[in-house]
Amino acid sequence: MGQRSVVYSCVIVAMATVVTTITGCSTSAIATNGFVRGGGAYYLISRSLGPEFGGSIGLIFAFANAVAVAMYVVGFAETVVELLGTANLVMLDPINDVRIIGTITVLILLGISVAGMEWEAKAQIFLLVILISAIFNYFIGTFIPFESKEKYGFFGYDGGIMWENLGPDFRGETFFSMFSIFFPAATGILAGANISGDLADPQMAIPRGTLLAILITGLVYMGVAVSAGACIVRDATGVEHNGTLSADLTNCTGAACRFGYDFSSCRPVNEEKSSCLYGLHNNFQIMSVVSGFSPLITAGIFSATLSSALASLVSAPKVFQALCKDNIYPGIASFGRGYGKNNEPLRGYLLTFGIALAFILIAELNTIAPIISNFFLASYALINFSVFHASLANSPGWRPSFKYYNMWVSLAGAVLCCVVMFVINWWAALFTNVIVLSLYIYVSYKKPDVNWGSSTQALTYQQALTHSLQLCGVADHVKTFRPQCLVMTGAPNSRPALLNLVHAFTKNVGLMVCGHVRISSRRPNFKELNSDLVRYQRWLLNNNSKAFYTPVVAEDLRQGTQYLLQASGLGRLKPNTLVLGFKNDWSNGDMKDTEIYMNMIHDAFDFQYGVVILRLREGLDISHIQGQDDTSAMKDVVVSIDMSKDSDGDSSKLSSKATSVQNSPAVQKDDEDDGKAPTQPLLKKDKSSPTMPLNVADQKLLEASQQFQKKQGKGTVDVWWLFDDGGLTLLIPYLIASKKKWKDCKIRVFIGGKINRIDHDRRAMATLLSKFRIDFSDITVLGDINTKPKSESLAAFAKMIEPYKLREDDMDQEAAEKLKSDEPWRITDNELELYKAKSNRQIRLNELLKEHSSTANLIVMSMPLARKGAVSSALYMSWLDTLSKDLPPILLVRGNHQSVLTFYS
């Protein structure tokens with residue numbers, strides 16, 4: 001007070017009050033936006049901003065309260081030791097005496113806390129009465145000047161003294177250093193919120209109690225500053241006669257001269273230390289001098305320290321208990337167990353006692369005190385930011401009944417708290433920020449399985465909605481093209497190879513929607529459909545697949561696919577590429593299904609989609625291994641596949657377990673999951689079910705389904721670019737090869753050409769790829785692409801299509817037309833002759849593929865097209881089958897002739 005002056009003291013109190021008032025209003029807004037449980041600042045922040053911020057603040061806030069117990073107890077013990085020292089009652093030495101008295105004090109406070117909130121409340125009321133009495137005792141004393149107190153610098157209210165103390169007189173301190181000393185006195189505003197679980201009506205009690213406490217303490221601090229500055233001089237000797245003026249008043253300076261005292265002899269000169277022992281500058285017990293009854297001031301000091309210590313001793317376990325119950329951090333759940341009718345966290349009390357005792361035994365808290373103050377300020381900053389964030393998110397769920405807040409004022413409060421952190425102690429502020437950031441990163445990595453409806457979720461939704469609408473106003477451009485895929489996976493876990501490969505070129509690049517057509521002619525079970533939507537989407541998230549799951553109910557696969565082609569996506573976030581698995585069983589099943597499959601491809605082109613078809617020798621669908629059939633409710637084998645690794649990570653070690661269960665096909669988080677993202681089963685495993693061996697074909701199918709999960713070894717991605725489809729056939733392999741799993745695979749490009757122009761075509765293609773900025777290891781020009789296929793290959797193709805011929809020459813025209821109408825998939829002789837060259841081309845390309853790309857990790861090839869209404873489904877499927885059979889994994893790609901590559905910047 002002596003250094004700050006009356007004006008600066010009032011400014012400092014006002015600044016602290018502004019910060020705490022804004023924080024109090026923010027606390028009130030959050031506390032009145034729904035029912036508040038126990039946990040104080042942790043509960044308010046975690047339910048507003050989510051577990052990441054709440055978990056990081058909750059831990060340091062609980063720790064800060066535990067150490068604050070030590071701070072207040074040591075302050076009490078130091079006062080007691082000082083009083084004992086004046087009476088020559090020393091046990092060992094000052095430091096050890098502080099430790100002994102502090103230990104005894106914290107034990108007594110622990111007993112009161114453990115006894116229950118009733119005893120704690122009674123103790124607080126008793127201490128409050130003493131504190132109020134001490135405050136009134138001080139103010140009454142300011143109006144009762146005694147001549148015996150004048151030598152200590154107290155003369156009663158006087159305008160001269162007030163004028164002299166209006167300006168600052170810093171001696172080794174600055175305005176901000178004085179502010180940093182005072183502000184910790186204002187850091188107890190959340191004491192009521194911290195025991196929110198024990199309040200009868202926290203929504204009413206927290207706003208009233210917090211704001212009323214801020215108002216009263218602000219007025220008291222301001223009143224003490226003004227009254228002390230108006231009746232006490234800065235320096236006094238405490239000597240009755242040596243400082244008294246005799247007759248010469250000409251050399252006396254200072255307000256005390258009017259009262260016959262000259263204290264100038266002990267004032268510091270040239271920044272030397274003052275030799276005065278009394279006055280505002282020098283006597284920390286000046287309030288005892290001024291008061292009407294000095295022992296009551298000492299009792300008030302005891303009351304203030306013990307009350308704060310008791311509040312912190314109760315707050316820390318309550319906050320920690322809430323943190324433990326939410327299971328944010330592993331290994332601390334046992335401290336959250338409650339006992340008795342009030343669910344008291346006895347283990348938390350003992351932990352807090354242990355932490356407090358440890359710091360009491362250190363007995364040197366000058367270093368740790370700034371960190372504790374910064375921990376509190378970090379909590380206040382996030383509470384203010386929570387209100388700003390919730391208001392910014394504009395969520396309908398943000399409806400606090402406390403209306404006296406403003407989002408921008410709350411943001412200003414958050415900024416002020418951060419500024420004050422650095423004003424108090426810059427290195428402590430940096431340390432606090434590092435701790436909060438580290439805990440935030442840890443909790444974010446852990447991804448606790450909680451959903452509290454935080455403002456982070458609300459703001460994410462709002463931003464997604466805003467940006468989606470903004471995208472709708474921007475025209476497509478070739479430079480911003482992204483492959484956005486509608487992948488017909490069925491249930492996402494039934495075709496993992498298809499899912500993983502598409503994820504390889506859409507992750508962090510484009511949209512992926514897993515389409516699932518549930519075929520039903522009856523009224524669909526929408527409850528089951530919605531349940532599967534939630535479970536399969538969760539399965540995708542748990543397995544780090546950045547995709548959306550969209551089911552539809554339709555009478556057949558084509559109708560369902562049409563629904564998806566038309567309705568999937570939102571605005572510009574809409575698929576532009578249909579991805580299918582090759583229909584391996586087309587020649588064995590119902591040809592009506594083959595007709596539907598081909599029509600799906602035609603529909604995709606009609607809707608301006610590109611089309612991609614993936615074929616594996618072993619097949620794609622493992623649903624029969626899993627018991628994944630939609631129409632089956634019988635026990636079947638469940639396969640566990642390790643999909644916990646990121647799509648770009650190395651997950652070459654795969655686990656495959658077969659278990660017989662009867663359960664849902666969607667993955668749910670196992671009850672015994674320890675949170676370490678273990679292998680995610682395609683279904684929950686029933687531990688009581690016996691294991692069932694897989695046959696050889698299923699084992700190969702299972703291994704093939706996992707091949708795109710693991711890191712690809714050194715090899716090639718062979719691109720057979722035979723048609724200009726806009727560049728999709730080049731873009732997809734480029735995106736795949738840029739991923740971490742595929743980084744050891746080089747791109748080889750194969751193009752058609754003429755024998756006499758091979759070098760020219762190779763150079764032209766190399767120039768084009770360089771302009772497109774696509775790295776490649778080799779370009780092969782196929783000059784013999786139009787050579788007639790081998791006779792055995794032609795014979796195999798003829799044998800393949802034989803069962804599907806119409807044979808119209810063997811029947812009359814009317815019968816042939818009727819059969820063609822009933823079975824449109826049949827191949828006519830005219831059609832076969834018309835497309836003979838194209839059929840031979842597919843046969844020849846298969847021969848070349850086997851010759852050049854039999855060891856490739858992946859083949860990406862331009863897909864042949866069939867003219868709609870002119871080429872039968874049997875002939876077209878024969879082309880695709882012949883082209884892609886007996887090869888490594890092959891992607892048949894055909895864009896919609898929209899340009900997706902450009903060499904312009």
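**Helix packing and parallel strands in a predicted model**

Helices α5 and α9 cross in a left-handed manner, meaning that the near helix is turned anticlockwise from the far one by less than a right angle. This is a predicted model, in which local features need pLDDT of at least 70 and side-chain atom pairs count only at pLDDT 80 or more, while totals for chains, interfaces and linings use all residues. Residues are numbered from 1 along each chain as its sequence is written, and side-chain values use heavy atoms, with hydrogens and water left out.

**The helix pair**

- Helix α5 (residues 117-142) packs against helix α9 (residues 202-231) at an angle of about 30°, and their axes are 11 Å apart.
- That angle makes α5 roughly parallel to α9 (angles under 35 degrees count as roughly parallel).
- In α5, I135, Y138, F139 and T142 meet residues of α9 that include V220, G223 and C231, where contact means heavy atoms within 4.5 Å.

- Strand β8 (residues 715-720) runs parallel to strand β9 (residues 745-752), joined by six bridges (strands pair if DSSP finds at least two bridges between them), and V719 stands opposite V749 in β9.
- Five bridges join β9 to strand β10 (residues 778-782), also in parallel, and G752 has L782 in β10 as its bridge partner.
- A right-handed β-α-β unit is made by β8, helix α23 (residues 728-737) and β9, and another right-handed unit by β9, helix α24 (residues 758-771) and β10.

**The enclosed helix**

- Nine of the 10 residues of α23 are buried, so α23 is largely enclosed by the rest of the structure (buried means under 20% relative accessible area, with a 1.4 Å probe and protein chains only).
- Among the buried residues of α23 are L728, I732 and I736.

Key: Helices (H or I, at least four residues) and strands (E, at least two) are DSSP runs, numbered from the N terminus. A crossover is right-handed if, with the strands pointing away from the viewer, the path from the first strand over the helix to the second runs clockwise. Buried means under 20% relative accessible area, exposed over 50%, partly exposed in between (1.4 Å probe, protein chains only). Axes are lines fitted to C-alpha atoms, for helices over the stretch in contact, and angles run from 0 to 180 degrees between N-to-C directions. Angles under 35 degrees count as roughly parallel, over 145 as roughly antiparallel, 65 to 115 as roughly perpendicular and the rest as oblique.
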